[in-house]
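This briefing is meant to be read beside the sequence and the 3D view. Please keep both open while going through the points.

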Amino acid sequence: MNKGLAAASLAHHVSPAHAGLIDILQPVAYVIIALVVLYTLRHLFFTMNRLFGRQRHPYLDISQAAWPRVTVIIPAHNEEPVITSILDRMVGVDYPKDCLKILCVDDRSTDQTPAILDDFAARHPDCVQVLHRPPDAPPGKAAALVDATAHIMGDIALIFDADYLPGPGLVKQLVAPFFDPEVGGVMGRVVPYNSGTNLLTHLLELERAGGYQVDQQARANLRLIPQFGGTVGGVRVSALRAVGGWDPAALAEDTDITYRLAIAGWKIAYQNRSECYEEVVESWSARYRQLRRWSRGHNQVLFRHLPALLRSSHVTRRERLDGALLLGIYAMAPVLLVGWLVLYLLWLCGDNGGGLFLMLAVVSYGTFGNAAAFYEIAAALRLDGERDKIKGVPLILIGFFVSTYAATAGFFAAIGDMLRPGRVHWHKTPRYRDQAPVTPDPAAPTRL
């Protein structure tokens with residue numbers, strides 16, 4: 001009886017044209033809300049697993065072994081402010097010197113980077129080699145990695161961005177998983193060292209904590225597909241070549257190779273205790289460009305590899321499901337915007353969708369606040385013993401709006417790339433350091 005009265009009341013106040021529009025928009029709204037809830041449950045499940053589930057660190061105890069030959073690749077495009085620091089640390093890592101090659105790729109630099117690299121190679125000719133790419137070489141990190149592959153020593157290649165600061169034991173920790181013949185890629189944990197600079201760098205520290213300490217480790221615990229992040233990680237070269245090598249047209253070469261390896265049956269290992277320290281961007285304009293590029297590249301991988309992932313016989317059902325959700329994470333930004341628009345139109349048409357609008361707003365903020373859910377971030381701060389930073393979690397609302405806008409722009413750019421394939425436009429991430437920062441204390445307590 002009540003439902004009938006409600007329907008009669010709605011019909012009395014809504015015109016036939018609006019009623020038809022409501023019939024179209026309501027299913028769209030419910031589908032979008034269902035997607036958001038699905039991602040919310042996914043993040044909650046990862047958080048609970050990380051806090052209370054069995055933690056897997058299968059390669060942590062490997063400290064003595066017949067260490068294989070390994071090549072460390074450092075792409076460098078105009079990295080004058082930062083390149084010396086990573087080179088100083090890399091030549092001092094704890095790894096057999098006759099098995100270590102440091103390959104510095106001068107990627108068309110126009111500052112003093114080539115001179116710095118050449119000078120360093122002259123002082124360390126036993127382990128440092130410089131590869132200069134010509135000015136007319138294809139742009140982008142993926143293209144630089146393609147050229148570097150021909151100069152790799154051994155079957156393991158580790159990749160570090162030029163602004164990263166590795167600890168002495170990091171190379172061994174990243175090489176250890178490759179003793180498992182099923183492992184085709186490995187990823188370590190990234191920790192910002194300039195988080196105290198301003199509000200943005202603090203928010204990025206929170207994002208990194210949630211994304212690595214909780215999201216990546218939970219996926220490793222659950223035997224899903226941890227993502228190779230393009231730096232502080234590496235690949236098995238034979239596996240890389242078996243799947244076709246780096247794609248020089250890929251803006252997100254890390255996501256691209258993650259999925260091509262997984263589709264072919266290779267495993268990605270995540271080493272949560274293998275930390276490396278990075279310089280995060282310090283301006284909102286740089287953050288917007290970075291997010292837009294990540295979204296554009298990630299969605300390119302979505303369009304290219306989702307069908308193959310769903311058909312692959314080498315991945316389990318749960319890997320297939322979570323892999324599809326991970327591929328769709330940046331596509332959810334335009335979906336959210338469409339959802340808000342649909343609910344607003346429903347309200348204008350006379351449908352009382354205010355409650356649904358509020359639900360979508362709150363849940364989407366919690367799920368996509370700053371690329372990692374706020375409850376993942378809170379759990380990560382607890383695990384890291386940094387509970388005093390939890391007061392900054394509500395501020396991810398600021399990053400939420402920037403992320404949504406940038407990811408939406410990247411999504412439509414990826415559609416444009418699919419319709420009009422062309423030359424890659426690579427936006428250089430700015431560097432800020434003008435002197436070497438203080439290296440975190442190696443004797444500090446190990447994170448869980």
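The points below cover the sheet, a helix pair and the salt bridges of this predicted model.

**Sheet**

- The open sheet has eight strands in the order β3-β2-β1-β4-β7-β6-β8-β5, with mixed pairing.
- Its edges are β3 (128–133) and β5 (165–166), each of which pairs on one side only.
- Helix α5 (residues 141–149) packs on this sheet and touches β1 (70–76), β2 (100–107), β3 and β4 (156–159). The direction of α5 makes about 125 degrees with that of β3.
- Inside the sheet, β6 (residues 183–192) and β8 (residues 267–278) are parallel partners joined over nine bridges. V190 stands opposite C276 of β8.

**Helices α7 and α14**

- Helix α7 (residues 199–221) and helix α14 (residues 374–383) have axes that come within 8 Å and cross at roughly 80 degrees. The two helices are therefore roughly perpendicular.
- On the α7 side the contact is made by L206, E207, A209, G210, Q213, V214 and D215. On the α14 side the residues are E376, I377, A379, A380, L381 and L383.
- By type, the residues of this contact are eight nonpolar, two polar and three charged.

**Salt bridges**

- The whole structure contains 19 salt bridges.
- R123 and D119 form one within helix α4 (residues 113–123), where they are four residues apart, about one turn of the helix. Their closest N and O atoms are 3.1 Å apart.
- R123 has a relative accessible area of 49% and is partly exposed. D119, at 41%, is also partly exposed.
- K141 and D161 meet in a salt bridge of 2.8 Å, N to O. K141 belongs to helix α5 and D161 to the loop between β4 and β5, so this pair ties together parts that are 20 residues apart in sequence. Both residues are buried.
- R287 and E207 meet in a salt bridge of 2.5 Å, N to O. R287 is in helix α10 (residues 284–311) and E207 in helix α7, so the pair links parts that are 80 residues apart in sequence.
- R287 is buried at 1% relative accessible area, and E207 is buried at 9%.

Technical notes
Residues are numbered from 1 along each chain as its sequence is written. This is a predicted model: local features need pLDDT of at least 70, side-chain atom pairs count only at pLDDT 80 or more; totals for chains, interfaces and linings use all residues. Side-chain values use heavy atoms; hydrogens and water are left out. Axes are lines fitted to C-alpha atoms, for helices over the stretch in contact, and angles run from 0 to 180 degrees between N-to-C directions. Angles under 35 degrees count as roughly parallel, over 145 as roughly antiparallel, 65 to 115 as roughly perpendicular and the rest as oblique. Contact means heavy atoms within 4.5 Å. Ala, Val, Leu, Ile, Met, Phe, Trp, Tyr, Cys and Pro count as nonpolar, Asp, Glu, Lys and Arg as charged, and the others, Gly among them, as polar. Two strands pair if DSSP finds at least two bridges between them. A salt bridge is a side-chain nitrogen of Lys or Arg within 4 Å of a carboxyl oxygen of Asp or Glu. Buried means under 20% relative accessible area, exposed over 50%, partly exposed in between (1.4 Å probe, protein chains only).
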